[in-house]
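Hi everyone, thanks for coming.

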Amino acid sequence: MKFDTVIIGGGLAGMVCGIRLAEQGRRCAIVSQGQSAIHFSSGSFDLLGALPDGTAVDDPLAGIAELERVAPQHPYAVIGSGACAEYAAQAPEILRRAGIPVVGDSHRNHYRISPMGGMRATWLTIDGYLTAEDGGRLPFAKVCIVNVEGFLDFYPEFIAEEFRKRGVECGFGSVNLPDLEHIRQNPSEMRSANIARVFDHEENLEALAAKLRTLGAGYDAVILPAIVGINRSDSFETLRAKVGMPIYLLPTLPPSIPGIRAQQSLQRRFRALGGEYFLGDTVVAADVEAGRVRRIFTANHGNMPFEADNFVLATGSFFSRGLVATPDRVVEPVFGADTVYDADRAQWYTLRFFDKHRYQAFGVKTDAQLCAVKDGASIGNLYCAGAGLAGFHPVQECCGAGVSMLSALFVADKIINGK
C-alpha cells in the first residue's frame with residue numbers, strides 16, 4: 001500500500017497532522033493500535049498554563065516566547081514562538097471544521113471547571129462546558145446541581161463545596177427514567193457513555209428536559225454531568241432549547257463524553273477528507289535505508305507493507321506505549337529512535353505522586369525539523385509529533401494538548417513544503 005504520508009498513532013497529534021495533510025490533498029493513512037488519550041479528556045485543550053519553574057501563565061503566547069529563553073529544549077522553543085502563534089490561531093479552526101466547537105483565546109487563558117469543581121487554567125474548551133473568565137468567580141449566584149440516580153462518577157457535594165467558596169448558593173436534584181433502570185441493574189454499566197446512549201432517544205431527552213425545568217425553577221442555572229450527546233451532535237443544543245434556561249455541562253471521570261465525541265469527530269473528518277484509518281493495528285517492523293524510512297509492516301497486514309514518502313511518529317508517551325521504560329533506559333519501540341532520559345534511574349521520579357517527575361519530560365530525540373534521530377543521525381522523512389517529544393512536562397506546564405496540536409501542524413507544514 002502506497003501513501004504520501006503514513007502516521008503511526010491516532011491520538012490528537014496524529015489526527016490533527018493527518019487532517020491538515022488531507023486538507024491539502026495528500027493521501028494519508030493513520031495506523032492506530034487502540035483508543036488514545038483523547039478518549040479520556042475533559043473537554044478542554046491546554047496551550048500553556050505554567051513555566052518550567054511553576055510560574056503561572058495568563059498569556060500563553062507570551063509564555064511561549066519566554067520558553068525560548070528559559071527552556072530551549074521545549075518543543076515550543078524548537079518550533080519557535082512566531083510559528084507557535086500561527087499554529088495556535090489555526091488549531092481552533094481545524095477542530096471546528098471537524099465538528100468540535102471550541103471557545104478560547106491563545107492570548108488569555110480562561111478557567112475550566114474540573115470534575116471535582118475546582119478551576120484549572122486552559123486555552124480552548126468545547127462549547128457548553130462550564131468555564132469562567134476569572135479564577136475567583138462563576139457566572140451565576142444560585143445553581144442547581146443535578147445528577148442521575150446511581151451515577152457514581154459525578155460528585156455534587158464536592159462540586160458544591162468548591163462553588164460555595166466562590167459565593168455561589170447550591171441546590172441539588174436527581175433524575176431517573178425507566179430506561180435507566182436497565183443499565184442500573186449492573187453497577188459497572190452505570191457509566192457516562194451508557195447513560196448518554198439512553199438520552200440519544202428523543203423521548204428520553206424530552207423527559208430529561210421536563211425534569212430539569214422543574215428542578216431549575218428559581219435558580220440561575222442548572223449544572224449537569226456530561227451525559228448527553230455521544231451519538232447525537234444536537235443533543236445538548238436541543239436540551240438547552242427545551243429547558244429554556246442556562247445549562248452547563250461538567251466533565252466526569254473517564255471515560256468522558258467530550259473525549260469520546262472529540263475522538264469520533266476527528267476520525268470522521270479525517271475519513272471524509274479521504275484519509276484511511278487503520279484501527280487496532282500495530283507496527284511490528286520498519287525498513288530504514290540510507291537515512292530514510294522506506295516501509296513499515298504491521299501485525300494485521302503481514303507481508304503487505306505500508307510505503308510512503310514521509311512517516312510521522314505520533315505514538316505518544318508511556319501511557320500509550322509510545323515510550324517503554326526498561327530497568328536502565330527508555331526505548332522508542334517502533335524504530336529504535338534515540339531517546340532523551342536520565343542515566344540514573346533513581347532520578348526518574350520522586351515518592352510524591354503530584355511532584356514534577358523527571359520521567360515526564362523524557363522522549364524521542366529530534367532535530368530542529370522534529371525529525372527523529374537514530375544512532376546520532378536524523379532520519380530525514382521520519383517526523384515526531386505529540387506526547388512522545390522530549391523536553392516538556394505536559395501536566396505541570398498544562399501544555400499537553402497544545403504541544404500535540406502545534407507540533408502536528410509544524411510537522412505537516414514541513415511535509416507539505418518539503419522542509
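Before we start, one term: when I say two residues touch, or are in contact, I mean they have heavy atoms within 4.5 Å. And keep in mind that this is a predicted model.

Okay, let's begin with Thr 315. Where is it? Thr 315 sits in the loop that links strand S16, residues 306-313, to strand S17, residues 324-325. Now, leaving aside residues up to four places away in sequence, which ones does Thr 315 touch? The list is Ile 8, Gly 9, Ser 320 and Gly 322. Is Thr 315 buried or exposed? The cut-off for buried is under 20% relative accessible area, and Thr 315 comes in at 18%, so it counts as buried.

Let's move to strand S16 itself. S16 pairs with S22 in the parallel sense, over three bridges, and in S22 you'll find Cys 384 standing opposite Leu 313. S22 covers residues 377-384, and it's mostly covered: six of its eight residues are buried.

S22 also pairs with strand S21, residues 371-374, but here the sense is antiparallel, again with three bridges. In this pairing, Val 373 stands opposite Ser 378. S21 and S22 form a hairpin with two residues between the strands, and Asp 375 in that hairpin takes a positive phi near 55°.

Quick reminder for anyone new to this: the strands of a sheet pair through backbone hydrogen bonds, and the pairing can be parallel or antiparallel.

Next up, an open sheet of three strands. Its order is S6-S5-S8, and the pairing is antiparallel. Which strands stand at the edges? They are S6, at 119-122, and S8, at 131-132; each has a single partner strand, so one side of each is left without a neighbour in the sheet. S5, residues 110-113, pairs with S6 over four bridges, and His 110 stands opposite Thr 122 in S6.

Last stop, the nonpolar core. The largest one has 133 residues, and those with the most contacts inside it are Phe 45, Tyr 76, Phe 163, Phe 199 and Leu 239. Helix H11, residues 400-416, gives this core its largest share, ten residues.

Let's zoom in on Tyr 76. Not counting residues up to four places away in sequence, Tyr 76 touches a whole list of residues, among them Leu 47, Leu 48, Ile 64 and Cys 84. Gly 402, Val 403 and Leu 406 are also among the contacts of Tyr 76.

Key:
Residues numbered from 1 in each chain as written. Predicted model: local features only at pLDDT ≥ 70, side-chain atom pairs only at ≥ 80, totals over all residues. Heavy atoms only, no water. Buried < 20%, exposed > 50% of the residue type's maximum accessible area, 1.4 Å probe, protein only. Pairing = 2+ DSSP bridges. Core = buried A, V, L, I, M, F, W, Y, C linked by side-chain atoms within 4.5 Å.
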